[in-house]
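Open the model in your viewer and keep the selection panel within reach. We will go from one stop to the next, with something to select at each.

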Amino acid sequence: MDIEKTKKYFINRDGIGFFKSILESYEDIGIFSVLDGDKGIIEIIYPSNFDKEIGFIIEDMLNYGIIFQEVADV
């Protein structure tokens, strides 16, 4: 049984829309929410079996100048 995971990140505000569209192109990989658009705080909720895929997507975003900084609690 897969466990649902939640991660929160600070990212460049101007990269939020691009990241959202990329994540949504991977159908059913996770749920994306903007918690604070002014500060660039987002949340991703996903099944734990997609840990590697989420990690690869976030790592690839560096190629587009989008930097992720995980936050423990907002």
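Select Lys7 and look across to β3, where its bridge partner is Ile44. A word on what you have open: this is a predicted model, in which local features need pLDDT of at least 70 and side-chain atom pairs count only at pLDDT 80 or more, while totals for chains, interfaces and linings use all residues. Residues are numbered from 1 along each chain as its sequence is written, and side-chain values use heavy atoms, with hydrogens and water left out.

Helices (H or I, at least four residues) and strands (E, at least two) are DSSP runs, numbered from the N terminus. Two strands pair if DSSP finds at least two bridges between them.

Now select residues 4-11, strand β1, together with residues 41-47, strand β3: the two run antiparallel and are joined by seven bridges. Phe10 stands opposite Ile41 in β3.

## Widen to the whole sheet

Colour the strands and read off their order, β2-β3-β1-β4, in an open sheet of four strands with antiparallel pairing. The edges are β2 (31-36) and β4 (68-71), each of which pairs on one side only. On average, neighbouring strands here are turned by 35 degrees against each other, direction ignored. For such angles, axes are lines fitted to C-alpha atoms, for helices over the stretch in contact, and values run from 0 to 180 degrees between N-to-C directions.

Next, zoom in on β2 and β3, an antiparallel pair with five bridges. Ile31 stands opposite Ile45 in β3, and Phe32 opposite Ile44. The two strands form a hairpin with four residues between them, and in the turn Gly40 has a positive phi of about 75 degrees.

## Stop on β3

Colour by accessibility, taking buried as under 20% relative accessible area, exposed as over 50% and partly exposed as in between (1.4 Å probe, protein chains only). Six of the seven residues of β3 are buried.

Which side chain of opposite charge is nearest to Glu43? Select Glu43, in strand β3, and you will find Lys8 at 4.1 Å; Glu43 is buried yet has no salt bridge. A salt bridge here is a side-chain nitrogen of Lys or Arg within 4 Å of a carboxyl oxygen of Asp or Glu. Lys and Arg count as positive and Asp and Glu as negative, while His and the chain ends are not counted. Leaving aside neighbours within four places in sequence, Glu43 is in contact with Thr6, Lys7, Lys8, Ile31, Phe32, Ser33 and Leu35. Contact means heavy atoms within 4.5 Å.

Then move to Ile45, also placed in strand β3. With neighbours within four places in sequence set aside, Ile45 is in contact with Glu4, Lys5, Thr6, Gly30 and Ile31.

## Turn to the helices

Select residues 16-25, helix α1, which lies across β1, β2, β3 and β4 and runs at about 165 degrees to β2. Show the side chains of Ile16, Phe19 and Leu23, the buried residues of α1. They are on the same side of α1 because they cover an arc of only 70 degrees around the axis; the arc is that of the directions from the helix axis to the C-beta atoms. Their cover includes β1, β2, β3, α2 and β4.

Continue to α2, where the buried residues are Ile54, Ile57, Ile58 and Met61. Seen down the axis of α2, these fall within an arc of 95 degrees, so they line one face of the helix. Lys52, Phe56 and Glu59 are exposed on the other side of α2. What covers the buried residues of α2 includes β1, α1, β3 and β4.

## Last stop: a loop

Finally, select Asp28, in the loop between α1 and β2. Is Asp28 buried or exposed? Asp28 is exposed, with a relative accessible area of 70%. Check its backbone too: phi of Asp28 is near 65 degrees, a positive value in a residue other than glycine. Most residues other than glycine have a negative phi.
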